[in-house]
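Work through the following exercises with the sequence and the model side by side. Each task is followed by a solution in steps.

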Amino acid sequence: MDFAGGGESYHYDCIGVLNGEAYIGDCGQCIGGTTGISSCAEVAVVEAPTENIDLQKLLDCFKNILDNANTKYKVTLHVELADPNYPMLAIVSNGSVGHAYITLEKSNGSDRRVLSYGFYPRESSILVPLKYVVPSGMGEESSNDKRRSDISYPVDITKATFDQIINTSIQNSSKQYDLNSYNCTNYAVDVFNKTIPTHPIQASGYSTPSNLYSKLKALSPNYPIQRNLKGWNNPGAPISSDPCN
C-alpha cells in the first residue's frame, strides 16, 4: 500500500511493515524483507486430501474377504512428482512438492477390495521454515482426479505382511505432519518397508517424492517397478473400492 504525506512517499509491504521490502513472489506468498523467507524455493504448498477419511474403518473392510489358500495380497508404492517432466525438482514455482502414497489390494476369486490412501496435512497448508509441523489427515487418493502415479512398485505379499502393513498404516496415521521429518513420503516408505528385506526401500535420504522417485528408478532394472512416461497424462491412482457397511 502506497501513500504520501509531508511531501514524502510511504508504503507498507505485504506483511504490513512500513517501507518494508517484502513482496509477493511467483509462488503467491509474501517473501523477502522481514518474513524470514528468502525465496519461493522455501515455500511449500501442501494440499489437504480431497476428503479426510476414517482409515481404520476403510481398512477394516478388507476383513470382509475370506482368508484362505486362495487369497492374494498386494501392496503398491506410488510417487507423483511435483513436475513429471523434471523429476529432479523437489518443489516447483507454485510450491507443489508432489506426493507419495500406498495402494492395498486383497482378492479371493471374484471378491476384491482396493484402497489407495496417503498421509497429508489435515488442512491445506503453506509450509515455510517457521511452520513445518501441522495436524495430519488421511486421504483416499482416487477421489482426487488430478492424482497421478508417475512411478509405482507393486509387491505380492503374505497375509502376515498385509496385517503388518495395516497396523503400521493405522499407527503412523496419528503422527503430526512435518514437512522436514514426517511427510507423505516418510509415511508411504514406512508402510511399504514392511515388505523388507526382500524389497528394500531405505527411508533416510528419500523424504521427498523426487528423491524417492530417483531411488525407485535406480532399482527398476532389478525389481518390477513401472515408470510411466506420459508426463501430465500419466495414469491416476488405482480406484478404491466403495466403503463397506
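**Exercise 1. Salt bridges**

Solution. 

Step 1. The model is a predicted one, in which local features need pLDDT of at least 70 and side-chain atom pairs count only at pLDDT 80 or more, while totals for chains, interfaces and linings use all residues. Residues are numbered from 1 along each chain as its sequence is written, and side-chain values use heavy atoms, with hydrogens and water left out.

Step 2. For accessibility, buried means under 20% relative accessible area, exposed over 50%, and partly exposed in between (1.4 Å probe, protein chains only). Asp60, at 29%, is therefore partly exposed, and Lys63, at 65%, is exposed.

Step 3. Helices (H or I, at least four residues) and strands (E, at least two) are DSSP runs, numbered from the N terminus.

Step 4. Glu141 has 0% relative accessibility and counts as buried; Arg147 is buried at 9%. Shared partners join Glu80, Glu141 and Arg147 into one salt-bridge network.

**Exercise 2. Surroundings of Ser136**

Task: Is Ser136 buried or exposed, and which backbone oxygens does its side chain reach?

Solution. 

Step 1. Ser136 belongs to strand S11, residues 136-140. Its relative accessibility is 11%, so Ser136 is buried.

Step 2. A polar contact is a pair of N or O atoms within 3.5 Å; within protein, one must be able to donate a hydrogen and the other to accept it, and residues adjacent in sequence count only if both atoms are side-chain atoms. The Ser136 side chain is 2.6 Å from the backbone oxygen of Lys175, and one of its polar atoms lies 3.3 Å from the backbone oxygen of Ser173.

Step 3. Contact means heavy atoms within 4.5 Å. Leaving out residues up to four places away in sequence, Ser136 touches several residues, among them Phe119, Tyr120, Pro121 and Arg122. Ser174, Gln176 and Tyr177 are also included.

**Exercise 3. The largest nonpolar core**

Task: How many residues does the largest nonpolar core have, and which element gives the most to it?

Solution. 

Step 1. A nonpolar core is a set of buried Ala, Val, Leu, Ile, Met, Phe, Trp, Tyr and Cys residues joined through side-chain atoms within 4.5 Å. The largest one has 41 residues, and Leu77, Ile102, Leu104, Tyr117, Ile201 and Leu216 have the most contacts inside it.

Step 2. Elements giving two or more residues to this core include strand S6 (72-80), strand S7 (99-108), helix H2 (159-172) and helix H4 (209-219). Helix H3 gives the most, with 5 residues.

Step 3. Take Leu77 as a case: beyond residues up to four places away, its contacts include Tyr101, Ile102, Tyr153, Phe192 and Leu216.

**Exercise 4. Aromatic rings**

Task: What are the geometries of the ring pairs Phe62 with Phe162 and Tyr153 with Phe192?

Solution. 

Step 1. The structure holds 7 aromatic pairs. Rings of Phe, Tyr and Trp (its six-membered ring) pair if their centres lie within 6.5 Å; planes under 30 degrees apart count as stacked, over 60 as edge-to-face and the rest as tilted.

Step 2. The ring centres of Phe62 and Phe162 are 5.3 Å apart and the planes stand at 85°, so this pair is edge-to-face. Phe62 is in the loop between H1 and S6 and Phe162 in helix H2, 100 residues apart. Both are buried: Phe62 at 2% and Phe162 at 2%.

Step 3. For Tyr153 and Phe192, centres 5.0 Å apart and planes at 50° make the pair tilted. Tyr153 is in strand S12 and Phe192 in helix H3, so parts 39 residues apart in sequence are tied together.

Step 4. Ring pairs also link Phe119, Tyr177, Tyr182 and Tyr187 into a cluster. Tyr187 is in helix H3 and is buried at 1% relative accessibility.

How values were computed: Salt bridge = Lys/Arg side-chain N within 4 Å of Asp/Glu carboxyl O.
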